[in-house]
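I opened my notebook to go through this structure one spot at a time. Here is what I looked up, in the order I went.

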Amino acid sequence: MRILTADEIRKAEEKAIKKYFSEAELMNRAGKKCVDKIVKFYGREIDGKRILVFCGNGKNAGDGFVIAKRLCQFGNNAEIVLCDKEPTLPAPKKYFDEAVESGVKVISFTDCDMDCALIVDCIFGIGFHGEPKEPFHSVFNAINESGAIVVSVDTPSGTDASDGSVTNAVRANLTIAISTYKYCHVLPPANEYCGKMTAVNIGIPNDCYSESALTITKAYVKNAFEKRRLNSNKGDFGKQLNICGSYKMPGASVISAKAALKTGVGLLKCAFPKSIYGVLTAHLTQPIFAPLSENENKTLSMGALTAILDEMKWADSIAVGCGMGVNEDTQLLIHQIVKESEAPVVIDADGINSVSVNIDVLKDSKAPVVLTPHPGEMARLIGRDVAFVQKNRIKCAASFAKEYGCIVVLKGANTVVTDGVNVLVNTTGNAGMAMGGTGDMLTGMIASFIAQGMAPFNAAVSAVYIHGLCGDIAARELSQRGMTVDDMLELLGALMTEFE
């Protein structure tokens, strides 16, 4: 699924209108498709109950007039609420007149009784930016306080389609994107206003679109996996080296290791400070263990470098940084690992913090590097604050990846995966995954897929999608508050059947 700015979708629609359809035809298609989605999601809850379709006076309102008329044709009690004035643009006016002629009731917002089961938000579309003026500020507040189910058409009114900024906006339970996703659907803070996301295809041909960011699809991920041959052995599925853990954070090493094993790596070797040997062996039986020398902080010491460089020659992929700690020794180790490794390196957590001290080391790498920062770590990498990163997630990740020749997995709601040229945005996952350990799990998965022969970019994309999907299943079965990383790991092995 494409992700477009307001200007990009406008240009696509203009091409479609010029070559294939009238504007009114596209509007009619959008309205009808939205009704199908509304009925699919909320049919039983709205049957026979009052529905309010809030409309402005722009093109988005045209979709609303089609929706109101069609809902009434299906036997629903739908009314049009005009927030400002009657439409004057030709296509919206056409469908407004048709709705009125068919008997749809029209009321103004100032006279509106908000008691209803469902509100359809067709007030603003992709053209909104800035702050809402009256009466729209009051309209948004009234909708949000109504207690009704709210469905926004294309974008929640009040959100900026291109950059995701919000001052006041409609909070939707469901947002129905028309043709493609927009950046407000995947960028904070607007993505919090969208509720569930779905999209409708109104038939705009591919030749109307320019290159854009994409969402990760299940089909993309499935295509990244090769079917396992009958005559296989453990060596066929890769050798992964995890350099993770410290006395204070041994669990990070355990989680990363379990994630690698649950996603099919053939051989896993865990390198770690010797003082956590008991913890790892109590929770893991399948890996090869490499306890190494440690410093007074009980993190890996510089004395472990020779052994680590030796182990790296064995590996097809390397995961480093999870729970590793940050001090002079670990910083020097990370820098040498990045510079010397001939296998792709996946760097997380303390590994990223160590890299940020001497970021140019990334340009000295011999092999592909995958960085998996959360917004705070990304901020340290680029020398900005978290607010800047969150406001410019795609730009920050892509420009950094391009400058340093690496793959960036910028974690968070709608994780961004980019190599500086290609940009993919994830739509799986939920707030229940915002807990310690989920990043360690993701790192283990990415390195596992690389070890099994997947290209690093595809490995990152696939791991991000499956990781989020695993979190969604855990939340559905247990709740967002009650789920743990161990729960996700328990589900992960079975989930992989969907990608074999």
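Entry 1: I began with Asp348 and found it buried, with a relative accessible area of 2%. I call Asp348 buried because that value falls under the 20% cut-off. I kept in mind that this is a predicted model. Next I checked where Asp348 sits: it is in the loop between β15 (345-347) and α11 (350-355).

Then I asked which residues are in contact with Asp348, leaving aside its neighbours within four places in sequence. My list came out as Val320, Gly321, Cys322, Thr372, Lys411, Gly439, Asp440 and Thr443. I looked again at Thr372, whose side chain is joined to that of Asp348 by a polar contact of 2.8 Å.

**Entry 2: an open sheet.** I moved on to the strands. Seven of them form an open sheet, and I wrote down the order as β4-β3-β2-β5-β6-β7-β9, with parallel pairing. Which strands stand at the edges? They are β4 and β9 (196-200); each has a single partner strand, so one side of each is left without a neighbour in the sheet.

Entry 3: I picked β3 (residues 77-82) and β4 (residues 105-108), which run parallel and are joined by four bridges. How does the chain get from β3 to β4? My trace went through helix α4 (residues 90-101), and this β-α-β crossover is right-handed. For individual partners in β4, I found Ile107 for Val81 and Ser108 for Leu82.

**Entry 4: a helix with a buried face.** My last stop was α17 (residues 485-495), where Val485, Met488, Leu489, Leu492 and Leu495 are buried. Seen down the axis of α17, these residues fall within an arc of 125°, so they line one face of the helix. I reminded myself that an α-helix has 3.6 residues a turn, so residues three or four places apart point the same way.

What covers the buried residues of α17? I found that the cover includes α7 (250-262), α15 (438-451) and α16 (456-478). On the face turned away from the buried side, I noted the exposed residues Glu490 and Ala494.

Technical notes:
Residues numbered from 1 in each chain as written. Predicted model: local features only at pLDDT ≥ 70, side-chain atom pairs only at ≥ 80, totals over all residues. Heavy atoms only, no water. Helix = DSSP H or I, 4+ residues; strand = E, 2+ residues; numbered from the N terminus. Buried < 20%, exposed > 50% of the residue type's maximum accessible area, 1.4 Å probe, protein only. Polar contact = N/O pair within 3.5 Å; in protein donor to acceptor, adjacent residues only side chain to side chain. Contact = heavy atoms within 4.5 Å. Pairing = 2+ DSSP bridges. Right-handed = clockwise from strand over helix to strand, strands pointing away. Arc of directions from axis to C-beta.
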